[in-house]
Amino acid sequence: MALLELIRPQPDWYAALEVAFTRPPGVPERRAGEDPWDSKTNGERPRRIADELVWLRQAMDEPENNGLTPLPQSAAVAMWEAEEGCTERLSKLRDRRVLDAAGFLLHEPDDLADLI
């Protein structure tokens, strides 16, 4: 179980989008001469960080349908319990600093002992 915490009054979607569209330092341009569809089957396309940001935006509108359970009794602005399926997506957003830019923190099981 992981917890997603909103630490601002509202998510900053523009800042998150700016970070998502910025190539991380030291990462070369990947798409030159590559065919990302080559290893995928039947129309499945590789997931990009912007796809995960779109998912997060949708999850804020419909949390239960996207694996997030709102926790109403919290000192945070808002907090959700994340199901296993969405923890990987949230971790990807955190690792690319998109969650930070939007105003979210992700607390994984190892970190939860510090919160309690």
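Predicted model: local features only at pLDDT ≥ 70, side-chain atom pairs only at ≥ 80, totals over all residues.
Strand S3, which spans residues 78-82, takes part in two pairings. With strand S1, made up of residues 2-6, S3 pairs in the antiparallel sense, and the pairing runs over five bridges; within it, Leu4 has Trp80 of S3 as its bridge partner. Strand S2, formed by residues 68-70, also pairs with S3 in the antiparallel sense, here over three bridges, and Leu68 is found opposite Ala82 of S3. As a general point, the side chains of a regular strand alternate between the two faces of the sheet.

Helix H2, covering residues 49-61, packs against H3 at an angle of about 120°, and the axes of the two helices are 10 Å apart. Because of this angle, H2 is classed as oblique to H3, and the crossing in which H2 passes H3 is left-handed. On the side of H2, the contact is made by Ile49, Glu52, Leu53, Trp55 and Leu56, while H3 contributes Cys86, Arg89, Leu90, Lys92 and Leu93. Sorted by class, the residues in this contact of H2 with H3 comprise seven nonpolar and three charged ones, with no polar residue.

Although Arg97 is not a glycine, its phi is positive, at about 70°. The relative accessibility of Arg97 is 56%, and because the cut-off for an exposed residue is over 50%, Arg97 counts as exposed.

Methods
Residues numbered from 1 in each chain as written. Heavy atoms only, no water. Pairing = 2+ DSSP bridges. Helix = DSSP H or I, 4+ residues; strand = E, 2+ residues; numbered from the N terminus. Buried < 20%, exposed > 50% of the residue type's maximum accessible area, 1.4 Å probe, protein only. Axes fitted to C-alpha atoms, helices over the stretch in contact; angles between N-to-C directions. Parallel < 35°, antiparallel > 145°, perpendicular 65-115°, else oblique. Left-handed = near helix turned anticlockwise from the far one by under 90°. Contact = heavy atoms within 4.5 Å. Nonpolar A, V, L, I, M, F, W, Y, C, P; charged D, E, K, R; others polar.
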